[in-house]
Amino acid sequence: MNTGSPVLVEFIRSEIRKHGPQSFAWFMQQALYHPEHGYYSSGRCAIGRKGDYFTNVSVGSLFGQLLGAQFAEIWERLGKIDDIVIVEQGAHDGQFARDVLQSVQKRAPGFFEALRYRIVEPFPILQQRQQRTLEGFREKVEWRDSLQPFVGVHFSNELLDAMPVRLIGDGKEKFVGLDGDKFVFVERPLSQGKDAFNRAALDWVDQVAANLHRGYVIAVDYGHSGDEFQGNLHVRAQHRHLDSPFDQIGYADITTHVHWQSIVERAQSNGLRIAGFADQHHFLTGIVSTWPDLLQARPENSTALSNQVFNAGVDRRIKRQLQTLLHPELLGRAFQVIALEKDSGAPRLAGFKFGRDPKSELGLIE
Ligand SMILES: C[S@@+](CC[C@H](N)C(=O)[O-])C[C@H]1O[C@@H](n2cnc3c(N)ncnc32)[C@H](O)[C@@H]1O
């Protein structure tokens with residue numbers, strides 16, 4: 001098989017020939033983030049109906065509208081400060097940012113006035129796409145290529161699942177080697193004292209914790225709450241699941257379930273507190289039940305009749321989006337939402353009002 005970007009495939013082969021089998025984390029880093037030819041860094045990644053897979057964001061603008069309301073509540077929690085930053089990492093084409101900004105501009109003008117939206121984007125080609133999408137909010141949005149200090153909210157949707165992992169299990173580690181020109185897994189006994197399997201994700205927690213002065217980190221992703229790393233890889237291209245990460249290298253997405261427990265333990269050791277953990281179904285239901293007006297869009301300058309016609313259409317569209325986001329067999333159960341917090345006050349955020357105790361959900365010891 002071993003198909004994909006010819007230059008990238010050849011580069012990976014030559015590195016393995018020079019240095020021997022490489023960890024899967026290294027392979028995944030090249031396949032997704034090689035500076036020129038990776039699936040994300042090259043800008044080849046396509047999300048949505050015509051792309052490789054759907055995300056909460058590509059379902060429609062409702063996801064950003066619901067999260068915008070949650071961010072506005074956080075601003076209130078922080079004492080309606082004059083300067084609050086929403087930091088987003090993994091912003092793809094900027095759609096989520098636009099959905100949030102459009103919504104809070106209408107629903108929460110005081111919050112909109114106080115906020116700056118900061119996209120952390122290391123890849124120039126993605127920055128350019130985001131700038132085009134966010135043309136109408138040029139004054140509000142800034143770009144950085146790495147995290148900087150902030151007070152406010154760090155948000156990500158499906159960022160952690162795309163971070164490189166080592167494949168470890170039963171005292172062994174799977175490396176990527178070659179059989180002729182073909183990539184193969186090579187198993188080796190696990191050497192003691194090596195890095196965690198998800199070092200990239202844990203490093204990310206360290207960086208976010210170091211840069212967050214006050215506020216919340218909200219991460220939405222698919223993962224599991226048990227204490228075992230399951231090491232399941234998902235390889236997706238054009239809405240098909242591929243059997244092997246060695247198919248369509250640089251043209252396919254590779255992800256793994258997020259290991260929430262280790263993320264939270266690392267956050268706690270960095271002085272963050274867990275402020276909520278729920279599946280997406282419960283999280284979004286908490287938001288919708290707190291602010292039901294979010295499900296009633298209205299056109300500007302409308303007459304009674306145009307309102308009726310418009311609302312019938314909006315209703316259908318919103319219902320469809322809501323169903324996809326909430327339904328347990330669609331995205332509602334597969335995704336979880338975690339909130340981490342620093343110096344921001346105790347009451348639960350609206351999104352977690354139906355959530356259970358996060359520490360017992362995650363099997364964390366007091
Ligand atoms: C699965 S996509 C999700 C895109 C988008 N959030 C959505 O839900 O449609 C993962 C994104 O995370 C980005 N990413 C991964 N590591 C990153 C990092 N360290 N800094 C910023 N973006 C990163 C990738 O480039 C990619 O755009």
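Predicted model: local features only at pLDDT ≥ 70, side-chain atom pairs only at ≥ 80, totals over all residues.
A helix axis here is a line fitted to C-alpha atoms over the stretch in contact.

**Helix 8 and helix 9**

Take helix 8, residues 199-211, and helix 9, residues 260-269: their axes sit 9 Å apart, and the packing angle is about 30°. Angles under 35 degrees count as roughly parallel, so helix 8 and helix 9 get that label: roughly parallel to each other. The crossing of helix 8 past helix 9 is right-handed. On the helix 8 side, the contact uses Ala201, Leu202, Asp203, Val205 and Asp206, while helix 9 brings in Ser262, Ile263, Arg266 and Ala267.

**Helix 4 and its two partners**

Now look at helix 4, which spans residues 62-77. What is the angle between helix 4 and helix 10? Helix 10 covers residues 280-290, and the two pack at about 65° with axes 10 Å apart. Helix 4 and helix 10 are therefore roughly perpendicular to each other. This time the crossing is left-handed. Phe63, Leu66, Leu67, Ala69 and Gln70 of helix 4 meet Gln280, Phe283, Leu284, Ile287 and Val288 of helix 10. Those residues split into eight nonpolar and two polar, with no charged ones.

Helix 4 also packs with helix 5, residues 95-107: their axes come within 8 Å and cross at roughly 55°. That angle makes helix 4 oblique to helix 5. Here helix 4 goes past helix 5 in a right-handed crossing. From helix 4, the residues involved are Phe63, Gly64, Gln65, Leu67, Gly68, Ala69 and Phe71, and they meet Phe96, Asp99, Val100, Ser103, Val104 and Arg107 of helix 5. The tally for this contact is seven nonpolar, four polar and two charged.

**Around the ligand**

Which residues come nearest to the ligand? There are 15 residues around it, and Tyr33, Thr55, Gly90, Asn157 and Glu158 come nearest.

| Residue | Protein atom | Ligand atom | Distance |
|---|---|---|---|
| Gln89 | side-chain N or O | nitrogen | 3.3 Å |
| Gly90 | backbone N or O | nitrogen | 2.6 Å |
| Asn157 | side-chain N or O | oxygen | 2.7 Å |

Key: Residues numbered from 1 in each chain as written. Heavy atoms only, no water. Axes fitted to C-alpha atoms, helices over the stretch in contact; angles between N-to-C directions. Helix = DSSP H or I, 4+ residues; strand = E, 2+ residues; numbered from the N terminus. Parallel < 35°, antiparallel > 145°, perpendicular 65-115°, else oblique. Left-handed = near helix turned anticlockwise from the far one by under 90°. Contact = heavy atoms within 4.5 Å. Near = heavy atom within 4 Å. Polar contact = N/O pair within 3.5 Å; in protein donor to acceptor, adjacent residues only side chain to side chain. Nonpolar A, V, L, I, M, F, W, Y, C, P; charged D, E, K, R; others polar.
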